[in-house]
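Please view the structure first.

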Amino acid sequence: MKSIAVLSLLAVGASFGLSASLVGSTSYGGHVYELWETGTNDYFAQDAFALSVSGRYLATLTSAGESAAAGALLASSGIGEANVGGYQVDNSGTASDGWAWGTGEGWAYTNWNGGEPNDYSGKDERVLELYSDGSWNDEGASVLSSYAVTEAVPEPATMAALALGLAGAARKRSKKA
C-alpha cells in the first residue's frame, strides 16, 4: 500500500515538474510528517506539490512537540533544513508581523531561532524554514531548501474505514486458522 502511495505522489510531483522522492517519515500526536526531496527550492512549487497530494500539505507546527518531531525527522535524515507551511501574509510591518499557516490554523505557537525572524535579505523573507533542531527561520521564497516537510492527517472516516478493514481481515484470518 505504501509503495502505491509513493508512486502516486511521484506521479503528482512529475506533473508539477518536480522529481520528488520520499526521504523519511515520522508521526506525532496523530499526525504523519514526511520529508521530501522535491528537486526544487521554490516554496510555491513545493506548496502546490503538497496540496496536489490527497490529504497532504506543507506541515503546520503548532506546538513544541510538533516542531521537535519534524526537526528530529530532518536530523535523522541528515538534513539541516526544510520548508514547512508558514508564510507571512503581509510584510508591511515588522519581520514578526502577519505570519499564518497555509491550512488556516491559528498562529499562536512559535519557535523562532535566536534573532529570527529578521528579514535578513529584505522584505522578501516571507516563508518559514524549519531547522533540524526544531527551530524556525524566515527565508526568501526562492532561496529555501529543496526539502519539504509535508503533513497528512487521516480524516476520521478514513481511520474508521481502515479500522473496520483491519478488523475484518483479522477476523477472516482467525477463521482460516
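Trp136 is buried, with 0% relative accessibility; buried means under 20% relative accessible area, exposed over 50%, and partly exposed in between (1.4 Å probe, protein chains only). This is a predicted model: local features need pLDDT of at least 70, side-chain atom pairs count only at pLDDT 80 or more, and totals for chains, interfaces and linings use all residues. Residues are numbered from 1 along each chain as its sequence is written, and side-chain values use heavy atoms, without hydrogens and water.

**Aromatic pairs**

- Trp112 and Trp136 pair edge-to-face, at 5.7 Å centre to centre and 80 degrees between the planes.
- Rings of Phe, Tyr and Trp (its six-membered ring) pair if their centres lie within 6.5 Å; planes under 30 degrees apart are stacked, over 60 edge-to-face, the rest tilted.
- Trp112 sits in the loop between E5 and E6, and Trp136 in strand E7, 24 residues apart.
- Trp112 is buried at 18% relative accessibility.
- The structure holds 10 aromatic pairs.
- Trp107 and Trp136 form a tilted pair, because their planes are at 55 degrees, with ring centres 5.4 Å apart.
- Trp107 is partly exposed at 23% relative accessibility.
- Ring pairs join Trp99, Trp101, Trp107, Tyr109, Trp112 and Trp136 into a cluster.

- Glu34 belongs to strand E2 (residues 31–37); strands (E, at least two residues) and helices (H or I, at least four) are DSSP runs, numbered from the N terminus.
- Glu34 is buried at 8% relative accessibility.
- Its side chain makes a polar contact of 2.8 Å with the side chain of Arg56.
- A polar contact of 3.3 Å links the side chains of Glu34 and Trp36.
- A polar contact is a pair of N or O atoms within 3.5 Å; within protein, one must be able to donate a hydrogen and the other to accept it, and residues adjacent in sequence count only if both atoms are side-chain atoms.
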